[in-house]
Amino acid sequence: MWLPSPSNNPIGKKALLLLMMVTVLTRGSSAHAHGSVVDGGDGCTIQLDFYSAHFSIYQPDRSGHRAYCEDIPVATDTLFVMEYQHNAMREVPIEFRIIRNDSPLGRFVRWSDIQQIEDIDAVTAYYQSAQPRPDGVLSIQHVFQAEGDYVGIVSAPHPDGSPTYHAVFPFHVGRPLVPVWGWPILGIGILLLWWRYRKHTQPASAMSGNQPHETM
């Protein structure tokens, strides 16, 4: 994609700045999409402070044994599986909650934002307090009734009882209008439209500024 030289063209400087902003935002969106769930390349991990567990989401009726880290394709019977990586997790109860994501922060919502919700039960789609699992595996089954944005919240206390650690992972149910890989393309398209508009409007404004003034 060609851009005017930013060294001697103010439009070029603005276009380059906008392109940099688009790049940072799209990369940032991708980097934070998982919240407390991280895709390490060989599987997903959910992190609760020093606790961690292998994390997978399945929709057997839809996609068989295919595992997802966060976004899932349809609203249907869904299985969340956590395989504990620390023995201490086997000794404590685990709370698993799914809420509707009504926050304007979208995928950037964090535990501090969850704490600001006055009535969390009113936005809760699923909740379970699971007893300690000596086998180190927690399975949660939930049937989503509607597509949309949700937040998963996993809470576990320290083996001594305090403090309690939390993991927050926003996710989407249903095919998004724009997939994650499409945001950079959309951003560049918007940039091109903006640049073409400025290219056609600047000569007109420059000519109007150079018109001689009539003298009385």
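Colleague: Which residue stands opposite Thr78 in β8?

Modeller: In this predicted model, Thr78 stands opposite His142 in β8.

Colleague: And what makes β5 and β8 a pair?

Modeller: Two strands pair if there are at least two bridges between them. β5 and β8 have seven bridges, in the antiparallel sense, so they count as a pair by that rule.

Colleague: How do you know that β3 and β5 pair too?

Modeller: Six bridges join β3 to β5, and the two run antiparallel. At least two bridges are needed, so β3 and β5 pair as well. Phe55 stands opposite Met82 in β5.

Colleague: Why is β5 called largely enclosed?

Modeller: Buried means under 20% relative accessible area. Six of the eight residues of β5 are buried, so the rest of the structure largely encloses β5.

Colleague: Which residues have the most contacts inside the largest nonpolar core?

Modeller: That core has 32 residues, and Phe80 and Met82 are among those with the most contacts, as are Ile46 and Phe96. β5 is one of the elements that give two or more residues to this core, while β10 gives the largest share, five residues.

Colleague: Now the open sheet with the order β7-β6-β9-β10. Why are β7 and β10 said to stand at the edges?

Modeller: β7 and β10 each have a single partner strand, so one side of each is left without a neighbour in the sheet.

Colleague: What joins β6 and β9?

Modeller: Six bridges, in the antiparallel sense. Arg97 stands opposite Ile153 in β9.

Key
Residues are numbered from 1 along each chain as its sequence is written. This is a predicted model: local features need pLDDT of at least 70, side-chain atom pairs count only at pLDDT 80 or more; totals for chains, interfaces and linings use all residues. Side-chain values use heavy atoms; hydrogens and water are left out. A nonpolar core is a set of buried Ala, Val, Leu, Ile, Met, Phe, Trp, Tyr and Cys residues joined through side-chain atoms within 4.5 Å. Buried means under 20% relative accessible area, exposed over 50%, partly exposed in between (1.4 Å probe, protein chains only). Helices (H or I, at least four residues) and strands (E, at least two) are DSSP runs, numbered from the N terminus.
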